[in-house]
Amino acid sequence: MSTCCIHPSILSADFVNLQSELERIATADAVHVDVMDNSFVPNLTLGLPVVKRIQAVAPVPLDIHLMINDADRWAPEYAAVGAASVTFHAEAAQAPIRLARELRSVGARAGMALRPATAVEPYLDMLGELDMLLIMTVEPGFGGQSFLDVTLPKIRRAAEAVRGADLPVAIQVDGGITEETIVRAAEAGATVFVAGSSVYGADDPAAAIAALRRAAS
Ligand code: DX5
Ligand code: ZN
């Protein structure tokens, strides 16, 4: 699968000016929306009412990353908002296959995320149920952390499994993605790249998106 997708994370945006912050990344492939519940991760961000408004004004599709417990209960509600993709954490889902099917039935792409220390192997047989596998490249919870190179072999194994089964599953990476680390992630087989601080921390987010795109390919 070819590399394509840069998804800036609004976690590093100015939350008081979300609409104009979304306009600054209009050249991206999607906007990554980090939902945190201060339980699955030690941080709290935003929930359904805000996501509904983001969906209404965003110039690009929504890629929602749920870092919440009780994913089975809440993920379908985020899909119903009209998000292009909804990603739940494997560690937070009771019935990941049922949940992935439910997300697809609502019209969203189904994504499943793995924390850095969660092995991919137990999930390889369910790849066909997913549109995207998110391999966290930092411990989830905060933006601005350093890329964990220890996750590279897992990205490689996941990409090999996807290729081996000839499945259209995107491999997303999230955390510490910069012009430098994106090269290693892409080489390992990642195809969708989330970038928070390296896009919103730049003077010109559109230029940062273009630079990441170039580096990934
Ligand atoms: C972290 C979030 C990420 C975060 C990435 O738990 O899931 O999406 O915004 O931020 P950077 O790119 O700054 O590591
Ligand atoms: Zn994220």
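Buried means under 20% relative accessible area, exposed means over 50%, and partly exposed lies in between (1.4 Å probe, protein chains only). The model is predicted: local features need pLDDT of at least 70, side-chain atom pairs count only at pLDDT 80 or more, and totals for chains, interfaces and linings use all residues. Residues are numbered from 1 along each chain as its sequence is written.

**Exercise 1. Describe the surroundings of Gly141: which residues does Gly141 touch?**

Step 1. Locate Gly141. The loop between strand S6 (132-136) and helix H5 (152-164) holds Gly141.

Step 2. The relative accessibility of Gly141 is 3%, so Gly141 counts as buried.

Step 3. List the contacts. Contact means heavy atoms within 4.5 Å. Leaving out residues up to four places away in sequence, Gly141 touches Met36, Val41, Asn43 and Met67.

Step 4. Gly175 is 34 residues along the chain from Gly141, with 9.7 Å between the C-alpha atoms.

**Exercise 2. Characterise the largest pocket: which residues are closest to its centre?**

Step 1. On a 1 Å grid over the protein atoms alone, a pocket is an open set of points where a 1.4 Å probe fits, with protein on both sides within 12 Å along at least five of seven lines; lining residues have an atom within 4 Å of a point.

Step 2. State the volume. The largest pocket has about 240 Å³. Of its 25 lining residues, Gly143, Gly144, Asp174, Gly175 and Gly176 are the closest to the centre.

Step 3. Name the elements. Strands S2 (31-36), S3 (62-67) and S8 (192-195) and helix H7 (197-200) each give at least two lining residues.

**Exercise 3. Judge the whole chain: what radius of gyration does the chain have?**

Step 1. Count the elements. The chain has 8 helices and 8 strands.

Step 2. Compare with the rule. The radius of gyration is taken over C-alpha atoms, and the globule rule is 2.2 Å times the number of residues to the power 0.38. For 217 residues, a compact globule would be near 17 Å; the chain has 16 Å, which agrees.

Step 3. Check the burial. Of the 217 residues, 55% count as buried.

Conventions:
Chains are lettered from A and ligands numbered from 1 in the order in which they are written. Side-chain values use heavy atoms; hydrogens and water are left out. Grid points are joined across faces, edges and corners, and a volume is the space filled by probe spheres set on the points. Helices (H or I, at least four residues) and strands (E, at least two) are DSSP runs, numbered from the N terminus.
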